[in-house]
Amino acid sequence: MIRRVKFASLLAFVTTLLGVLCVASRANAACTAATIGSTYGFRFDGFGGVGATHTALKVSAFVPVAGIGEVTFTAKSDTEGTISGSESLSFGGLQDQLTFTGTYTVNAPQCTGSLSATFEGFIPTQDFVIVNGGEEIESRNNREHLWVPFRCARR
Amino acid sequence: MPAAGIGEISFSATSDTGGTVSGSESLSFGGLQVQPTFTGTYTVSAPQCTGSINVTFKDGGNPTLDFVIVKGGEEIEFLQTNAGAVSQGVMEKE
């Protein structure tokens, strides 16, 4: 009898826990392009390399990269929008200040997305995930020979 | 050369667009440990919530930083902009 009661208690606990997790998951799943429709400050650091395409580079081919900036997301539909912003960056110690425009898409169920920004002759693309209800965006540059994670925080 | 550090900095606004800074830091520069103090000035560009800081260390050195204000001023993301430097970090309100 005692064992049966314990099992029932455990089952109730697990059921409650699953319910809480499912509610939290459903609440977090409500991402649209408008979820991040505001201005964020961002910071990044990592490594960038120069070399032949589709070729793994040696460590010595990379230089450190870092930067900060601001980006504004403007939703045009539930899944798409435009971006614009500016950044100050150091590429191996060479300092530059750039502006950019581009587009982004959001995958609603996963709260993930991608963006494409056009700089002066340079079009990096990034994958991102929306976290903390849109207060922050974790991102990474997926251009070849770049290892540069980004962190965006709402301004 | 690798460098890392922590510190504290105080901002005192003297106008809508700028003010003065002062602070101290504990720094390892290639393993050489130093604890400098500094003073300087800062400016803020209101529409973008970006800005810059110009600092003078008591014992020499004049780093400049670009920054962006986030989380309503709770944090500042910064980048050192001196030629040859690749240095960034975050300041958090105490």
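Biologist: Which residue takes a positive phi in the hairpin of strand 4 of chain A and strand 5 of chain A, and how many residues lie between the strands?

Modeller: That residue is A:Cys111, with a phi near 60°, and the hairpin has 4 residues between its strands. Please keep in mind that this is a predicted model, in which local features need pLDDT of at least 70 and side-chain atom pairs count only at pLDDT 80 or more, while totals for chains, interfaces and linings use all residues. Residues are numbered from 1 along each chain as its sequence is written, and chains are lettered from A and ligands numbered from 1 in the order in which they are written.

Biologist: What makes strand 4 and strand 5 of chain A a pair?

Modeller: Two strands pair if DSSP finds at least two bridges between them, strands being DSSP runs of E with at least two residues, and helices runs of H or I with at least four, numbered from the N terminus. Strand 4 of chain A and strand 5 (residues 112–118) have 7 bridges in the antiparallel sense, so they meet the requirement of at least two. Within this pairing, A:Thr101 stands opposite A:Thr118.

Biologist: How do you know that strand 3 and strand 4 of chain A pair as well?

Modeller: Strand 3 (residues 80–91) and strand 4 (residues 94–107) are joined in the antiparallel sense over 12 bridges, and A:Gly81 in this pairing has A:Tyr104 as its bridge partner. Their hairpin has 2 residues between the strands, with A:Gly92 at a positive phi near 65°.

Biologist: How much confidence does the predictor have in chain A?

Modeller: The mean pLDDT (the predictor's confidence in each residue, from 0 to 100) of chain A is 83, and 81% of its residues reach 70 or more. Over residues 1–28 of chain A, however, pLDDT stays under 50, and the model has 1 contact there beyond four places in sequence; a contact requires that two C-beta atoms, placed from the backbone, lie within 7 Å. Where pLDDT is low, the predicted coordinates should not be read in detail.

Biologist: Is B:Cys49 buried, partly exposed or exposed?

Modeller: B:Cys49 is partly exposed, because 18 other C-beta atoms lie within 10 Å. B:Cys49 lies in the loop between strand 4 (37–45) and strand 5 (50–57) of chain B, and although it is not a glycine, its phi is positive, at about 60°. Those two strands pair in the antiparallel sense over 8 bridges, and B:Phe38 stands opposite B:Phe57 in strand 5.

Biologist: What makes chain B as compact as a globular protein of its length?

Modeller: The radius of gyration is taken over C-alpha atoms, and the globule rule is 2.2 Å times the number of residues to the power 0.38. Chain B comes to 0 helices and 8 strands. Its radius of gyration is 13 Å, close to the 12 Å that the rule gives for 94 residues, so chain B is as compact as a globular protein of that length. The C-alpha trace of chain B spans about 40 × 30 × 20 Å along its principal axes, and buried residues make up 22% of the chain.

Biologist: How many residues of chain B are in contact with chain A, and which strand of chain B gives the most?

Modeller: There are 21 residues of chain B in contact with 20 residues of chain A. Strand 6 (64–70), strand 7 (75–80) and strand 8 (88–92) of chain B each supply at least two residues to that side, and strand 6 gives the most, with 5 residues. The side divides into 11 nonpolar, 6 polar and 4 charged residues, where Ala, Val, Leu, Ile, Met, Phe, Trp, Tyr, Cys and Pro count as nonpolar, Asp, Glu, Lys and Arg as charged, and the others, Gly among them, as polar.

Key
A residue is buried if 20 or more other C-beta atoms lie within 10 Å of its own, exposed if 12 or fewer, and partly exposed in between; C-beta atoms are placed from the backbone.
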